Amino acid sequence: MLKSCLRGLKIYFYMVGVSIKTQLQYRYAFVMNILGWAMTYAGTAITMWVMLYSFGSIRGWTFWELLFLFALAVLSWSITMVLFFHFHNMDEYIVEGTFDRFLVRPIHPFLHVIALKFDVGAFGQLLFSIVAMIIAYVQLKLNWQFYQWLVFLGAIIGGTLIQGSMLVLISAAAFWTTRSERLFWALMWPARNLMNYPLTVFPRFIQLLVTFLLPFAFVNFLPALTLLDKTKESFDPFWGFFSLPVGIAFFAICFKIWNLGLDHYKSAGS
Amino acid sequence: MMKTFKMYLEFTRKSFQRSAAYRVDSWSRIIGNIMSLGIWGCIWFALYHGHDSVENISFQSMLSYILISMALQGIHNAGTPLWEIQYRVRTGDIAFEMLRPYDYPLRMLFTDLGSISFHFVTAILPLYIVIFALFQPDIPLSASQWGLFILSAALGYLIRYSLELTFGLFTFWLIETGGVEDVFYFSISLFSGSVVPLWFFPDWLERLASLLPFQGIYFIPNAIFIGELSGQEIWPALLNQVIWLIICYGLLRFVWNKASMKIVVQGG
């Protein structure tokens with residue numbers, strides 16, 4: 001068991017190393033890509049600032065709190081992108097028949113797909129989120145206790161797992177329908193936009209949906225309540241402690257569904 | 001003259017028919033538009049919570065603003081996306097366009113007109129009639145206000161079209177437009193007032209926005225629609241749009257001529 005795990009890791013790092021090298025081939029494009037991502041997110045933050053300039057706060061959240069909430073989501077999303085983003089167009093491998101090649105290789109197809117790419121371009125988002133978070137931390141005069149650092153760490157790992165699982169789940173749809181890209185835009189894009197704002201902005205049924213069914217609330221909103229000492233919300237701050245367990249559980253479920261899809265898969269035909 | 005116009009109209013007709021063939025595309029676009037509208041509606045509702053009016057704008061007016069803004073964005077998005085133009089430049093397909101006996105920027109405009117009218121008639125118009133009937137926000141009351149709004153929205157469309165195509169043509173020189181492109185899109189989305197009207201900007205930023213061409217894209221037509229710009233105030237705003245359109249179109253022509261001279265087909 002341990003031996004096969006180690007072998008898997010070794011293969012993963014080897015394949016990922018190749019992927020990084022290919023991306024670094026085009027230096028100029030690589031730097032532009034990173035800069036581009038950082039600027040896109042900075043643009044969203046500036047829009048938030050402009051919006052709150054005349055209003056002061058949204059549902060009791062000031063600009064710096066909002067920036068913190070946003071940066072926390074971007075932080076785990078950037079890690080998700082590095083590790084899992086290529087899952088959103090796994091359908092291409094299926095349609096083109098490349099996926100069938102993965103099936104005859106002596107490693108688990110999931111390991112093969114996850115090792116296909118290591119998206120270095122997402123470092124632009126990581127850069128933005130870390131800078132934004134430090135600014136917000138200083139502006140809000142936060143001084144986290146030890147348990148809050150644990151919640152923070154849990155939110156990053158849990159958030160990465162939750163969003164990664166979503167991508168895995170979406171890609172699994174391709175096993176049945178051979179298409180998943182559209183589902184990605186229909187699900188992930190609105191979900192990620194929702195996450196930029198406090199959940200209390202949205203109607204009750206959406207709050208319940210993203211807490212219990214597709215647990216996006218555990219990516220940033222619930223941990224942020226704990227991290228910003230927000231006690232007057234409709235959710236108790238203790239919810240923030242559960243990001244990591246929810247992430248692990250959700251990942252286990254999605255991985256299971258992916259494998260079910262794999263069993264069902266019968267090639268794209270011809 | 002008449003004959004040339006007819007030829008361009010043929011592109012419009014063909015693209016209208018093509019849009020009708022790709023239904024799923026149309027559906028996913030409209031679902032995306034509804035979700036954006038839902039998210040921004042909730043955000044503005046939450047922002048206005050506890051305020052009657054901010055900067056003299058009531059929630060009723062703001063609701064109308066965001067609704068018409070999203071409807072216009074739905075129309076704008078039905079046109080050819082920027083990446084497609086860039087893709088044609090990168091692959092060299094643009095060379096074939098240049099060989100043909102028409103003017104590429106004009107042909108694109110007429111092609112987009114076809115997909116837009118299809119999207120407008122089958123999706124945007126029915127959808128927004130229902131939404132406006134449900135929420136009953138402020139709408140133009142007189143025929144002249146409707147007319148001026150439509151004129152202003154059309155000018156806004158042409159400004160955005162000229163700017164975006166000009167930008168797309170920069171691919172001739174830059175090949176990779178990554179970072180610059182993001183700044184361009186950010187400027188359009190913020191300074192056009194697409195989701196946050198210029199009234200709510202800090203004074204210095206509002207002054208900056210009023211010096212840029214982007215406000216003509218959504219902000220001016222939206223403001224006319226909700227009656228915030230009315231009477232004598234409309235004329236300078238429309239004049240501003242016309243002047244910017246002339247400048248942007250001139251820029252497009254200039255860049256297009258330069259680009260035609262400079263064509264480098266990669267990998268040829």
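Start with the loop between helix 2 (27-55) and helix 3 of chain A, where R59(A) lies. This is a predicted model, so keep that in mind throughout. R59(A) is not a glycine, yet its phi is positive, about 50°. Its relative accessibility is 26%, so R59(A) counts as partly exposed.

Q136(B) sits in the loop between helix 6 (104-135) and helix 7 (143-169) of chain B. Q136(B) also has a positive phi, about 45°, and is not a glycine. With a relative accessible area of 58%, Q136(B) is exposed.

Now the interface. How many residues of chain B are in contact with chain A? The count is 34 residues of chain B, against 30 residues of chain A. Together the two chains bury about 2600 Å². Carbon and sulfur atoms account for 77% of that. Polar contacts come to 3 residue pairs, both residues at pLDDT 80 or more. On the chain B side, helix 2 (23-47), helix 9 (178-191) and helix 10 (203-210) each supply at least two residues. Helix 2 of chain B gives the largest share, 14 residues. By type, the chain B side splits into 23 nonpolar, 7 polar and 4 charged residues.

Next, the core. The largest nonpolar core has 164 residues. Those touching the most other members are I58(A), F87(A), F99(A), W258(A), I43(B), W44(B) and Y128(B). Helix 3 (residues 63-84) of chain A contributes the most to this core, 15 residues. Take F99(A). Setting aside residues up to four places away in sequence, F99(A) touches M90(A), Y93(A), I94(A), P109(A), V113(A), F175(A), W258(A), L262(A) and Y265(A).

Q241(B) is in helix 12 (residues 234-262) of chain B. Buried or exposed? Q241(B) is buried, because its relative accessibility is 0%. What does its side chain reach? The backbone oxygen of G216(B), at 2.7 Å. Beyond four places in sequence, the residues Q241(B) touches include S152(B), L155(B), G156(B), I159(B) and I220(B).

On to charge pairs. Side chains of opposite charge can pair when their charged atoms come close. Over all chains, the structure holds 6 salt bridges.

One is E84(B) with R88(B), closest N and O atoms 3.0 Å apart. The two are 4 residues apart in helix 4 (residues 82-91) of chain B, so about one helical turn separates them. E84(B) is partly exposed, at 26% relative accessibility. R88(B) is buried, at 16%.

Another is D103(B) with R253(B), closest N and O atoms 2.5 Å apart. This pair links distant parts of the chain, 150 residues apart. D103(B) is in the loop between helix 5 (94-99) and helix 6 of chain B, and R253(B) is in helix 12 of chain B. D103(B) counts as buried, at 19% relative accessibility.

Then E164(B) with R160(B), closest N and O atoms 2.8 Å apart. They are 4 residues apart in helix 7 of chain B, so again about one helical turn. E164(B) is buried at 9% relative accessibility, and R160(B) is buried at 8%. Finally, salt bridges that share partners join E10(B), R13(B) and K14(B) into one network.

Back to E164(B) for its surroundings. Apart from neighbours within four places in sequence, E164(B) is in contact with L82(B), F184(B) and Y185(B).

Methods. Residues numbered from 1 in each chain as written. Chains lettered and ligands numbered in written order. Predicted model: local features only at pLDDT ≥ 70, side-chain atom pairs only at ≥ 80, totals over all residues. Heavy atoms only, no water. Contact = heavy atoms within 4.5 Å. Buried area = accessible area lost by both parts, 1.4 Å probe. Polar contact = N/O pair within 3.5 Å; in protein donor to acceptor, adjacent residues only side chain to side chain. Nonpolar A, V, L, I, M, F, W, Y, C, P; charged D, E, K, R; others polar. Core = buried A, V, L, I, M, F, W, Y, C linked by side-chain atoms within 4.5 Å. Buried < 20%, exposed > 50% of the residue type's maximum accessible area, 1.4 Å probe, protein only. Salt bridge = Lys/Arg side-chain N within 4 Å of Asp/Glu carboxyl O.
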